[in-house]
Amino acid sequence: MTGGWTPDLKRWGKPHYLAIAEALADDIRTGRLTPGTRLPTQRALAEALDLNFTTVSRGYVEAHKRGLIEGRVGQGTFVIDPALSARSGGAAGAPRVGPVDFTMNLPPEPDAPALRARMQASFAELSGDLANMLRYQGFGGTDDDKEAALRWLKGRGVETTRERLLICPGAHSALFSVLGQVARPGDTVCAERITYPGIRALAAHLGLRLVDLPMDRHGVDPDAFAAACTKVAPKAIYLNPLLQNPTTATLSRTRREAIIAVARRYAVTIIEDDAYARICPTPPPSFAELAPEITYYVAGVAKCLGAGLRLAFLVAPSARSALPLAGALRAATVMASPISTALTTRWIMDGTADAIVQFVREESAARQRIVASLLPAGTYTADPHGFHVWITLPEGWTRSAFASQGRSAGLGVVGSDPFCVAGTPPEAVRLCLGGPSTRQQITHGLEVLAHALEGSPALASTYI
């Protein structure tokens with residue numbers, strides 16, 4: 001049953017978005033709207049009421065929170081049966097649906113019952129060795145932990161030895177220690193012009209000068225890297241070369257080989273942050289595979305298995321270079337969490353990690369298809385296997401205005417400022433599709449943002 005529902009908002013004496021929710025509640029209570037009724041699209045209702053699209057969107061979000069309506073991907077928005085809604089535990093019935101947070105870059109959370117049960121069972125089994133996991137452990141992981149790490153890395157094509165491998169409490173600690181080993185305060189490190197914000201923070205804490213390298217849609221320009229080498233003599237180059245955060249760019253093998261040739265010519269160390277190491281099913285070979293003797297390779301598991309699993313595998317260029325790294329990491333962190341390490345080891349060895357990665361790949365691909373169906377072509381870059389999107393804003397929009405527009409509809413996005421190493425940040429934003437958000441929530445949020453991208457910023461102004 002479709003709805004030509006057009007409420008009278010004046011009788012409620014409230015802001016329009018709240019009046020929409022009040023009208024829905026009243027019409028459901030009086031029977032004018034029955035369970036299963038399909039409501040008008042947000043765009044259609046906005047036109048019928050002569051309202052801003054965002055106002056109607058906020059009204060539907062408020063109605064979701066009250067347990068009055070539900071969205072079904074590809075079908076529309078429907079009235080919920082109040083009795084069923086009440087049994088599900090919401091304030092006015094259904095569970096509350098909070099704002100859609102597109103800001104945090106973490107993988108989709110597994111929701112398949114069998115996989116979740118498998119993950120929980122693994123965690124429960126660890127309690128049998130709880131006493132040992134609450135004690136201090138030797139730094140760098142046990143033999144079993146390193147065996148699991150070697151297996152994980154081999155799945156990415158990185159072959160190494162135990163002597164070159166360190167198990168660290170997250171990628172940040174690994175990057176911090178590597179930077180501290182290869183450079184001293186005042187030294188220069190190169191990075192992508194638009195790069196992962198964490199490297200900016202780490203360089204600042206260590207007193208390093210971060211020099212930006214121009215990029216195209218394929219990533220860092222090797223010729224610009226060579227020019228920087230002659231001009232500023234960098235000690236290292238930091239790269240996030242696979243599904244780059246935030247631009248989604250992946251360096252091709254040809255581009256990687258060109259960067260390696262420059263690095264070898266000028267004796268520059270490569271720091272490879274392979275955060276999405278296992279997400280892409282057919283990635284180009286890593287720098288650690290192509291040039292192991294000059295590459296420090298960092299593979300965190302947070303972006304592949306879960307953001308709260310703070311663990312990373314660090315491969316040094318040689319056993320000799322791994323020794324001072326181990327000392328620095330031990331002094332700063334004592335050890336990686338034995339619980340996180342044991343859980344990761346178990347998941348890798350029993351195949352659970354591969355099952356989680358497969359889920360993340362499939363769910364990310366599904367969410368990217370939603371992006372492709374809703375966002376205007378040419379306004380964004382994405383990778384079919386990634387779970388973030390880089391939106392280049394149309395003329396007239398600023399990143400701050402677009403972020404403000406998102407917040408007004410309960411949507412969080414991140415402007416380009418924290419990603420920009422130097423110069424004026426571009427008018428762009430990053431959108432993340434993972435975390436606890438469902439496909440339904442992501443569809444709703446993208447509909448709101450797509451409408452904004454297709455219209456004039458002036459139409460979104462809420463200031464008086």
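Q: What makes both faces of strand E9 (residues 236-239) count as covered?
A: Ala236 and Tyr238 on one side, and Ile237 and Leu239 on the other, are all buried, where buried means under 20% relative accessible area, exposed over 50%, and partly exposed in between (1.4 Å probe, protein chains only). In a regular strand the side chains alternate between the two faces of the sheet. This is a predicted model, in which local features need pLDDT of at least 70 and side-chain atom pairs count only at pLDDT 80 or more, while totals for chains, interfaces and linings use all residues. Residues are numbered from 1 along each chain as its sequence is written, and side-chain values use heavy atoms, with hydrogens and water left out.

Q: How do you know that E5 and E10 are paired with E9?
A: Two strands pair if DSSP finds at least two bridges between them, the strands themselves being DSSP runs (E, at least two residues; helices are H or I, at least four), numbered from the N terminus. Strand E5 (residues 188-192) is joined to E9 by three bridges in the parallel sense, and strand E10 (residues 269-273) runs parallel to E9 with four bridges; both pairs therefore meet the criterion.

Q: Why is Arg367 called buried?
A: Arg367 has 4% relative accessibility and therefore counts as buried. Arg367 lies in helix H16. Leaving aside neighbours within four places in sequence, Arg367 is in contact (heavy atoms within 4.5 Å) with Pro108, Leu433, Gly434, Gly435, Ser437, Thr438, Arg439 and Ile442. The C-alpha atoms of Arg367 and Thr443 are separated by 8.5 Å, although the two residues are 76 apart along the chain.

Q: Why is Ala112 placed in another class?
A: Ala112, in the loop between strand E3 (100-101) and H5, has 30% relative accessibility and therefore counts as partly exposed.

Q: What kind of peptide bond joins Asn245 and Pro246, and how do you know?
A: The bond is cis, with omega about 20°. Pro246 lies in the loop between E9 and helix H11 (253-265).

Q: Which residues stand out in the largest nonpolar core, and what makes it a core?
A: A nonpolar core is a set of buried Ala, Val, Leu, Ile, Met, Phe, Trp, Tyr and Cys residues joined through side-chain atoms within 4.5 Å. A second, separate core of 30 residues includes Ala171, Leu179, Leu314 and Ala322.

Q: What makes one space in the structure a cavity and another a pocket?
A: On a 1 Å grid over the protein atoms alone, a cavity is a set of points where a 1.4 Å probe fits but cannot get out, and a pocket is an open set with protein on both sides within 12 Å along at least five of seven lines; lining residues have an atom within 4 Å of a point. The structure holds one cavity of 30 Å³ or more, and the largest cavity has a volume of about 50 Å³. Glu192, Met215 and Leu239 are among the residues lining the largest cavity. The second largest pocket has a volume of about 400 Å³, and of its 24 lining residues Asn105, His172, Tyr196, Asn245 and Lys303 are the closest to its centre. H8 gives the most to that lining, with three residues.

Key:
Points joined across faces, edges and corners; volume = space filled by probe spheres on them.
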